[in-house]
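Please look over the sequence and the structure shown here, and then read the briefing that follows.

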Amino acid sequence: MKPSQREDRYQHHDYFQVDELLSEDHLMARQVVRDWVKKEVSPIIEDYANRAACPTHLFKGLAEIGAFGPSLPVEYGGGGMDEIAYGVIMQELERGDSGVRSMASVQGSLVMYPIYSYGSEEQKRKYLPKLGTGEFIGCFGLTEPDHGSDPAGMTTRIKDAGDHYILNGAKMWITNSPLADLAVVWAKDEENTVRGMIVEKGNPGFSAPEIHGKWSLRASITGELVFEDVKVPKSQVLPGVKGMKGPLSCLSKARYGIAWGAIGAALDCYDTALRYSKERKQFGRPIGQFQLTQKKLAEMITEITKAQLLTWRLGVLANQKKASPAQISMAKRNNVHMALTVAREARQILGGMGITNEYPIMRHMMNLETVLTYEGTHDIHLLITGMDVTGLNAFSG
Amino acid sequence: MKILVCISVTPDTTSRVSFKNDNREYNPDGVQFILNPYDEWYALVKALEIREKSGGSVTVIHAGPVQHEPMIRKALAIGADEAIRIDVRPDSSHAAALQIAAAVKDQAFDLILTGKETIDYQGAELGAMLAEWLALPFVPFASKLDLEGSRAIIERDIEGGVQVLEVQLPAVVSGAKGLAEQRIPNMKGIMAAKSKPLSVRDGVPGEDLILPAGFTLPPPKQGVRMVAPEDMDQLVRILHEEARVL
Ligand SMILES: Cc1cc2nc3c(=O)[nH]c(=O)nc-3n(C[C@H](O)[C@H](O)[C@H](O)COP(=O)(O)OP(=O)(O)OC[C@H]3O[C@@H](n4cnc5c(N)ncnc54)[C@H](O)[C@@H]3O)c2cc1C
């Protein structure tokens with residue numbers, strides 16, 4: 001491993017004093033994660049992303065700071081914090097790298113959350129504490145090779161075989177799958193009802209090959225889940241939910257975290273470009289003195305500020321259990337697109353240096369292409385807003 | 001073992017330094033304050049290690065205004081059991097030591113730890129003054145500390161080697177690099193800190209005998225100067241006469 005020579009000089013930007021709306025706990029949680037990212041992530045991330053390798057040693061550190069399920073209760077391995085704390089933690093992680101944030105999002109929102117919400121007491125006791133400490137790594141299997149935006153069309157199935165089910169099918173694009181100890185898998189039963197189940201690694205017929213060749217989220221490992229006549233004991237099925245509500249509620253939780261996270265990536269790009277614009281001189285002046293550079297920077301911080309305010313409000317609604325899935329869709333879509341736009345503009349400010357891994361911008365930009373697509377694509381979220389405001393469904397009929 | 005850790009607050013190292021009031025006073029506007037790293041990383045964590053090994057309690061104390069409470073909470077989040085804030089704004093280590101001594105003189109701490117210095121003024125003097133007022137022995141710059149009964153075995157890095165000392169407790173010890181490893185607090189710690197006691201007490205009267213009379217900033221950094229490769233004499237002259245490294 002070759003540590004990066006570049007010091008992480010990141011400083012937070014808060015143009016509208018949104019920090020005054022946060023509590024002391026939120027600010028401390030944010031600072032803790034920021035310190036951790038500067039110490040553990042920034043020095044190594046360019047190297048891992050360059051080699052398309054997952055820094056698996058970070059799972060332990062993420063668990064130690066409490067990044068897995070921070071808003072779940074302490075007795076089940078969570079942090080007992082509120083939704084805004086969860087948001088600021090995701091923001092700081094993604095300020096470091098979207099892949100590192102994904103490691104935490106999947107574990108907390110897509111694995112611990114469904115087990116906590118829909119699992120039996122026995123399943124909760126068995127899995128949650130070990131997921132909270134990172135002793136177990138989990139993954140979430142919803143997307144299939146032929147069903148991405150339309151997960152309800154899934155063809156992965158379970159068949160009743162007495163005291164167990166027989167699971168057949170395949171999942172695709174699954175974050176963490178090649179190294180996960182367990183997978184929360186969504187499959188249809190014989191009545192065509194979607195059920196969730198916990199499938200442990202080592203189960204005969206279950207494999208999780210890695211997907212190679214990603215130009216995005218390179219420091220996060222992605223794979224398939226393949227099930228060939230896998231025996232799943234009935235006690236492994238999540239008893240508390242039936243239908244698409246199960247996976248969709250998990251996605252709402254994770255998308256909420258992404259709405260916060262994307263601002264982190266945007267802030268890192270803005271911060272880098274702002275500093276560079278004051279240090280880099282052309283035509284005898286800092287490039288930040290040129291109007292065209294200022295236009296870019298001014299628009300970036302304007303868009304970041306709007307996203308910060310939108311997301312803070314979303315956090316307040318989430319704390320009151322009033323954030324609707326459609327509101328979360330709007331925030332996810334807006335913020336990720338905003339971050340990608342900021343990354344592209346910031347990249348230009350750095351000129352040629354912007355395309356190298358001396359600076360984090362190109363990595364963020366490539367990562368954000370995944371973030372724009374996963375957990376519901378940019379266009380699908382637009383259609384969710386469209387359906388919400390018109391009451392007309394563009395997906396069917 | 002009852003342990004007291006003195007914690008101080010300093011500007012973050014990335015802060016821009018400026019002064020006000022005719023260069024007599026540090027200007028805190030827009031500055032991000034942090035726990036002094038020597039206190040946080042070494043003194044506090046060492047205290048926690050001792051408590052984890054042999055039981056007891058860890059109290060942190062800070063002489064400073066209410067605006068510093070988030071930093072005190074951080075010390076509680078890292079693991080201290082309780083905190084005392086003395087509601088004063090000391091202008092010197094002398095004033096801070098006087099306040100802390102008055103606050104703890106009846107509390108029978110077995111060990112009092114401080115960082116070796118604050119990263120802003122680098123006085124490295126609070127521990128010594130505190131020990132003097134409490135009539136306790138003082139060992140500065142400990143890089144290792146082990147307890148043996150009522151004594152502490154302390155190592156100090158000295159020029160070219162290591163000095164080992166034995167000191168009878170209670171004592172005051174200041175911690176340097178090596179004494180412990182920085183601990184980043186976690187979410188559970190942050191939540192637990194909310195319900196830990198943080199008591200506030202008034203300061204005692206005392207005249208500030210040492211007052212800042214002025215500050216000056218170092219001259220601004222010079223840009224890079226290019227010397228043509230064929231101009232070796234010029235380079236040697238600059239290194240010799242201006243940089244004075246030859
Ligand atoms: C790195 C990475 C990690 C991932 N991790 C996970 C994971 O851990 N677990 C998991 O289950 N999934 C995961 N995913 C999958 C991700 O959620 C899907 O890729 C995403 O939902 C889109 O599905 P798709 O790729 O099949 O694209 P498709 O659904 O085929 O979409 C292709 C295009 O068609 C558009 N489109 C589709 N339907 C409509 C419509 N009705 N109207 C208009 N446009 C439409 C889409 O917007 C998109 O632009 C991951 C993906 C990536 C890239």
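Ala, Val, Leu, Ile, Met, Phe, Trp, Tyr, Cys and Pro count as nonpolar, Asp, Glu, Lys and Arg as charged, and the others, Gly among them, as polar. This is a predicted model, in which local features need pLDDT of at least 70 and side-chain atom pairs count only at pLDDT 80 or more, while totals for chains, interfaces and linings use all residues. Residues are numbered from 1 along each chain as its sequence is written, and chains are lettered from A and ligands numbered from 1 in the order in which they are written.

**Around the ligand**
- The shell around the ligand is made up of 11 nonpolar, nine polar and two charged residues.
- Among the 22 residues around the ligand, those that come nearest are A:Leu142, A:Thr143, A:Gly148, A:Ser149 and A:Thr377, where a residue is near if its C-beta atom, placed from the backbone, lies within 6 Å of the molecule.
- Because domain 2 (138–236) and domain 3 (245–390) of chain A both give residues to this shell, the ligand lies between them; the domain bounds come from an automatic or database domain assignment.

**Between the chains**
- In chain A, 18 residues are in contact with 13 residues of chain B, contact meaning that the C-beta atoms of two residues, placed from the backbone, lie within 7 Å.
- On the side of chain A that touches chain B, nine residues are nonpolar, four are polar and five are charged.

**Chain A as a whole**
- Along its principal axes, the C-alpha trace of chain A spans about 80 × 50 × 40 Å.
- Among contacts in chain A between residues at least 6 apart in sequence, 75% join residues at least 24 apart.
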